[in-house]
Amino acid sequence: MKHSEELNFLPVSVNITGRKILIIGGGKTGYHKATLLSRFTDRVTVVSPDFHEGFGDLPFELVRKEYERTDLEGAFMVYICTGDEALNARIKNDAGTLNVPASVCDSPALCDFISPAIYKEGDMTIAVSSNARNVRRSIAVRDRIRQLAQNGELSLQETAP
């Protein structure tokens, strides 16, 4: 496995229109990913035996059960957030055999993709990524962009040519 300092992630925007996104794990990390996704889609299924407070307020299908390989069928992408390293690795392996891109939370070396720090205003989305090397710095830069936009120092509105 590569260490995060050797990994190279390409920042892209992915069309998720009408596509099923799966989150496996209903804890705090899964909730964080779900909250992020709720700004972009309502087509998310979350599989977990238990759910962090707030999941019920999101527009997603919550499936209260232990993970099974068949949960991955039909998924466009999966966020793996169980908190159990062995289970995460098993799910990642299952996803790989089914050609489902996977993001294993807190394990960049296992990820097919990572989530950047995102600021979204209307149809403008700004993503900040540190190539999985410094998440806190990405968040700080994103927060500074948010502050500049909210203070009117950075306009994200369309301007006339």
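Is D94 buried or exposed, and what is its relative accessible area? D94 is buried, at a relative accessible area of 10%; buried means under 20%, exposed over 50%, and partly exposed in between (1.4 Å probe, protein chains only).

The model is predicted: local features need pLDDT of at least 70, side-chain atom pairs count only at pLDDT 80 or more, and totals for chains, interfaces and linings use all residues. Residues are numbered from 1 along each chain as its sequence is written, and side-chain values use heavy atoms, with hydrogens and water left out.

**View 1. Overall fold of the chain.** The chain contains 3 helices and 7 strands, where helices (H or I, at least four residues) and strands (E, at least two) are DSSP runs numbered from the N terminus. Starting at the N terminus, the order of elements is β-α-β-β-β-α-β-β-β-α. The radius of gyration is 17 Å, close to the 15 Å given by the globule rule for 161 residues, so the chain is as compact as a globular protein of that length. This radius is taken over C-alpha atoms, and the rule is 2.2 Å times the number of residues to the power 0.38. The C-alpha trace spans about 50 × 35 × 30 Å along its principal axes. Of the 161 residues, 36% count as buried.

**View 2. Salt bridge between R69 and D94.** The structure holds 6 salt bridges, each defined as a side-chain nitrogen of Lys or Arg within 4 Å of a carboxyl oxygen of Asp or Glu. In the bridge between R69 and D94, the closest N and O atoms are 3.9 Å apart. This pair links distant parts of the chain, 25 residues apart: R69 lies in the loop between β3 (61–64) and β4 (77–80), and D94 in helix α2 (residues 85–97). R69 is partly exposed, at 40% relative accessible area.

**View 3. Salt bridge between D112 and K92.** The closest N and O atoms of D112 and K92 are 2.9 Å apart. D112 sits in the loop between β5 (102–104) and β6 (117–121), while K92 belongs to helix α2, 20 residues apart from D112. K92 counts as buried at 17% relative accessibility, whereas D112 is partly exposed at 43%.

**View 4. Further charged contacts.** D143 and R142 form a salt bridge through their side chains (2.7 Å, N to O). D143 is partly exposed, with a relative accessible area of 30%, and R142 is buried, with 15%. Elsewhere, salt bridges link K65, E68 and D71 in a network.

**View 5. Nonpolar cores.** A nonpolar core is a set of buried Ala, Val, Leu, Ile, Met, Phe, Trp, Tyr and Cys residues joined through side-chain atoms within 4.5 Å. The largest has 17 residues, and L22, I24, L72, V78, I80 and A95 have the most contacts inside it. At least two residues of this core come from each of β1, β4, α2 and β5. Another core, apart from it, has 16 residues, including A34, V46, F55 and F113.

**View 6. Surroundings of L22.** Beyond its neighbours within four places in sequence, L22 is in contact (heavy atoms within 4.5 Å) with T45, V47, D71, L72, A75, M77, V78 and Y79.

**View 7. Position of L10.** L10 lies in the segment before β1 (21–24). Its relative accessibility is 70%, so L10 counts as exposed.
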